[in-house]
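Q: Please take a close look at how this one is packed. I'd like the core and the contacts around it in one connected account.

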Amino acid sequence: MKGRLFLLMLLMLFPSLLWALESSEIRNDGDGVVAAKQYDDPKEAVARVPAFVTDLRTDKLVYYPCENCHTKGLIAPNEKVRELTDMHAEIQLQHGGGRFWCTTCHDLTDRNYLVSLKKQRISLNDPYLLCGQCHSARQKDYFMGAHGRRKANWKGEKRLTNCTECHNPHAPKTPPRIPRTKPVARMGLSIVPTEELGGEKVWEKYEEAKTSHSESKKP
Amino acid sequence: MKFFRQSPDQKRRAALKTLGLGAAVGAGALASSANPLPSIEVPSASFEDNWHEFFQQHYQRMSPEEITEALARLERKYKAKYDVDVHVGNAPPLEGVVFGYALNVSKCQGYRECVKGCTTENNQTKDPDLEYIRVLEMEKGSMNLEHGDPYYGEEEPVPKPGKFYLPIQCHHCENPPCVKACPVKATWKEPDGIVVVDYNWCIGCRMCANACPYWARKFNWHEPKLPVEAINPQTHYLGNRPRFRGVMEKCTFCIQRTREGKMPACQEACPTGARVFGNLLDPHSEIRFVLENKNVFRLKEELNTEPKFWYYSD
């Protein structure tokens, strides 16, 4: 009884402990490597989401079909982490902070496919199934419409933009770019950046004047 | 002020003369009901069309036949003015649909692609462009709209470190102050929630622009400069049909597109997927998912305007 009371008081003093008790359920799914739920089959991810379609990716790929070089005995699969020189030299893997390599995503023996962490084959046309293993929160948002985008309509067939149409899978961070032209100020108005006014806002000047004024009035 | 005291009256008199009405009807009587400026600006439109346009009723009070006539008249007029076959539609609101919009501020990168998409779609005056969307560059951690900079330069790449971007356009309020401010009821909220303007009924007093807390309404101070090659011929009477001098215009959620199931031009143009549009009454729509599962907020909520435009971050 005493022990329980002590525990209760402890909890009242440090409510964060309650959180700790629960945390075995709340997994770190902050888009890191720890997936909130690992599906045995990546396709399970789409089982209970609103139906949608995506455009083919394979006809956009420069190197496809990969088979042409990779499985016809021309190039032996090579799992080693290395600088690629003979081919694909333009691909610099800037994803995952060095935690994984090409073969985490590309099937080593059948290069026409992507591969899940549990070694199931994923079509190159469905990269969202691949990405979702590690980015499950973003994947859910994607299926429900809060990440990524639809194409063309808000009503009727739901055609989604694939992850790889926006993110380069090898360097997924969106690089900065130049924006479109800025608006023109309406006639009679001029745009003077605050820096050119000496960084001073009009109201700051006013405040200053007010205080100095009241100070000078003091005897 | 000079513009306002003298010019409309003189114009009106000139207008009446053209129509051969000078003696019959007092200028003041007409002034409050129809905007006399536009029809006069087009010399090649026929006398009959000008006459009928002058006495055209308010959109909501016209009979179906009168609307059909008005649309045909407009099409003839645009043909005469631009030599382009413009289609002016009047698709009615869809049954069981109220439109809502959500914008992900953590995804918006400040590219201004939406602004470009909008001006390409909506037949605004060009050079300088009249823009419905204003993208504010904001200090991270601040929500003071007054300190947002809409004129951030096109030389530096975006997003700049320490900044975030907040596009603002018409919020299509459930409780729109602009509609209340209009003295002639030329602007109103449609059943699908879109706030529209009857450009033929607008008298150009600009009270609505004063009332709008989101800087959403734009005025045509000059005869719009719309190059023929820039005209989008798919238009709606309450939407993107070419406007005239002296009328107010604003974002209509691309009424000509969205009432046909297409997405608004700004959403289509956005490469980041920051924009979510859909039917608020459909529990399975994307917009409802965002509203129910994300941390959403609206601008200037304390004004009780009830915008149907939400922002969220994740």
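A: Of the 219 residues in chain A, 24% count as buried, which is to say under 20% relative accessible area, with exposed meaning over 50% and partly exposed anything in between (1.4 Å probe, protein chains only). Before going further: this is a predicted model, where local features need pLDDT of at least 70 and side-chain atom pairs count only at pLDDT 80 or more, while totals for chains, interfaces and linings use all residues. Residues are numbered from 1 along each chain as its sequence is written, chains are lettered from A and ligands numbered from 1 in the order in which they are written, and side-chain values use heavy atoms, with hydrogens and water left out.

Chain A has eight helices and four strands, taken as DSSP runs (H or I, at least four residues, for helices; E, at least two, for strands) and numbered from the N terminus. Read from that end, the order is α-α-β-α-α-β-β-α-α-β-α-α. Count the chain A contacts (heavy atoms within 4.5 Å) between residues at least 6 apart in sequence, and 51% of them join residues at least 24 apart.

Now the core. A nonpolar core here is a set of buried Ala, Val, Leu, Ile, Met, Phe, Trp, Tyr and Cys residues joined through side-chain atoms within 4.5 Å. The largest one has 71 residues, and the members that touch the most others are Ile133(B), Leu166(B), Ile168(B), Tyr237(B), Phe253(B) and Tyr311(B). Two or more residues each come from helix H6 (64-82), strand E2 (99-104), H7, E3, E4, strand E6 (195-197) and strand E12 (309-313) of chain B. H6(B) gives the most, with six residues. Domain 1 (8-89) and domain 2 (91-314) of chain B both contribute, so this core lies between them; those bounds come from an automatic or database domain assignment. In soluble globular proteins, nonpolar side chains tend to be buried together.

Phe253(B) is buried at 2% relative accessibility, and it has a positive phi of about 55 degrees without being a glycine. You'll find Phe253(B) in the loop between strand E9 (248-249) and helix H10 (255-258) of chain B.

What about the contact between the two domains of chain B? There, 29 residues of domain 1 are in contact with 26 residues of domain 2. Together the two domains of chain B bury about 2400 Å², 57% of it on carbon and sulfur atoms, where buried area is the accessible area (1.4 Å probe) that two parts lose on being put together, summed over both. One salt bridge is counted between them, the term standing for a side-chain nitrogen of Lys or Arg within 4 Å of a carboxyl oxygen of Asp or Glu. Glu223(B) and Lys81(B) form a salt bridge, their closest N and O atoms being 2.7 Å apart. On the domain 1 side that touches domain 2, helix H4 (37-41), H6 and strand E1 (87-89) of chain B give two or more residues each, and H6(B) gives the most, with six.

Finally, the two chains. Here 45 residues of chain B are in contact with 33 residues of chain A, and the pair bury about 3300 Å² between them, 57% of it on carbon and sulfur atoms. Tyr151(B), Glu154(B) and Glu286(B) supply 21% of the area that chain B buries against chain A, more than any other three residues. The count of salt bridges between the chains is six. Glu286(B) also turns up in a salt bridge with Lys158(A), with the closest N and O atoms 3.6 Å apart. On the chain B side that touches chain A, E2, H7, helix H11 (265-269), strand E10 (275-279) and helix H12 (286-293) give two or more residues each. The largest share, four residues, comes from E10(B).
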